[in-house]
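Welcome, and please open your viewer.

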Amino acid sequence: ADISDKAPEHRAKIMGVHQAIVGSVWVVGPAVGGYLAEAYGYRNSFLIAGVCAAVCSLGYTQLPETLRRPKLSPEPEAQAASDASAAASATASPPVAEKKKLTQHVNEWFAEVKSILADSNQQALIALACELPIRFSCFTTAVALHASNVAGAGPKELGLIFTALALSQGLGMPFGSWLADKMSGPRKMLVLPTGLLSSAFFCSLAFSTSHSQILAAMAVQGFCGGFYRPAIGAFTAEVPPANQRGQALSLQRQAGSFLSLIGPVSMGLIADMTSCPTAIMIGSGLMAACHVSYAMLATKSL
């Protein structure tokens with residue numbers, strides 16, 4: 001989002017390229033992970049993945065700082081002396097004053113969060129941020145178990161399923177990025193149809209009985225996701241003011257992280273109490289509800 005500020009007319013393309021680079025890892029990652037699990041065992045596979053994650057974390061430390069600090073204008077010497085005296089007095093104040101200052105800071109933060117949550121565009125983005133955790137919660141539980149039951153999928157086959165999803169997503173992103181830059185605002189005409197189509201093909205997994213059918217359904221989902229995600233990325237960067245962007249994004253991440261925490265357990269329980277196809281259809285309905293909520297809440301005015 002901060003990088004795209006330098007060329008806002010190409011915001012969707014920039015966001016799409018970023019997501020395509022991240023998505024390219026999903027193209028080879030699951031297939032490689034499946035091969036490592038079968039060749040070297042599960043334990044060694046996790047050790048290799050842990051080393052790769054540590055290297056990525058070190059890479060994040062090289063990102064440029066985006067914190068915008070207010071610049072202090074030079075003041076006369078008398079004013080500087082007065083400020084120094086006031087600072088010394090504040091340092092010597094009792095702990096009660098510090099608590100009041102902290103309370104005021106918390107109240108300001110809460111007021112900022114409240115104003116962000118009151119925005120219907122932010123509500124729409126938070127609703128849509130719940131779609132991906134629901135999808136992957138189903139993937140890692142009901143879909144994986146269903147593929148194993150009906151198609152005898154092992155680690156390698158499951159890896160290929162996720163590779164098909166990521167590869168098709170990478171193919172859809174250039175088209176979605178180009179179209180998203182031709183539009184403005186929430187881009188509902190681009191997001192809603194492809195999102196509902198993706199949910200429909202996710203539902204079709206419940207009725208798939210072979211590995212090829214599962215691969216085809218995953219490929220269509222991936223293409224649809226790659227088609228509309230650049231539009232969502234661009235709208236996410238456009239909605240909040242630059243000084244509130246981090247806080248706004250964190251609220252979307254918090255909603256997604258909460259579902260990532262309870263989603264797999266919930267979908268696993270649904271699959272155990274009913275069946276894997278039933279859990280897949282419930283997940284599909286929830287994902288469709290996220291897209292419809294986005295279309296209803298998002299507004300054209302920014």
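The tour goes from a helix pair to a surface patch and then to a salt bridge.

This is a predicted model, where local features need pLDDT of at least 70, side-chain atom pairs count only at pLDDT 80 or more, and totals for chains, interfaces and linings use all residues. Residues are numbered from 1 along each chain as its sequence is written, and side-chain values use heavy atoms, without hydrogens and water.

Start by selecting helix α7 (residues 155-181) and helix α9 (residues 211-238), which pack at about 30 degrees with axes 6 Å apart. That makes α7 roughly parallel to α9 (angles under 35 degrees count as such).

Next, select L102, V106, W109 and F110, a nonpolar surface patch with about 420 Å² of accessible area together (over 30% relative accessible area, no salt bridge, nonpolar side chains joined within 5 Å; Shrake-Rupley, 1.4 Å probe). F110 lies in helix α4 (residues 95-117); helices are DSSP runs of H or I, at least four residues.

Finally, pick R135 and E131, whose side chains form a salt bridge at 2.4 Å, N to O (Lys or Arg side-chain nitrogen within 4 Å of an Asp or Glu carboxyl oxygen). Because R135 and E131 are four residues apart in helix α6 (residues 131-151), about one helical turn separates them.

Definitions and conventions
Axes fitted to C-alpha atoms, helices over the stretch in contact; angles between N-to-C directions. Helix = DSSP H or I, 4+ residues; strand = E, 2+ residues; numbered from the N terminus. Parallel < 35°, antiparallel > 145°, perpendicular 65-115°, else oblique. Patch = residues over 30% accessible without salt bridge, like charges linked within 9 Å, V, L, I, M, F, W, Y side chains within 5 Å.
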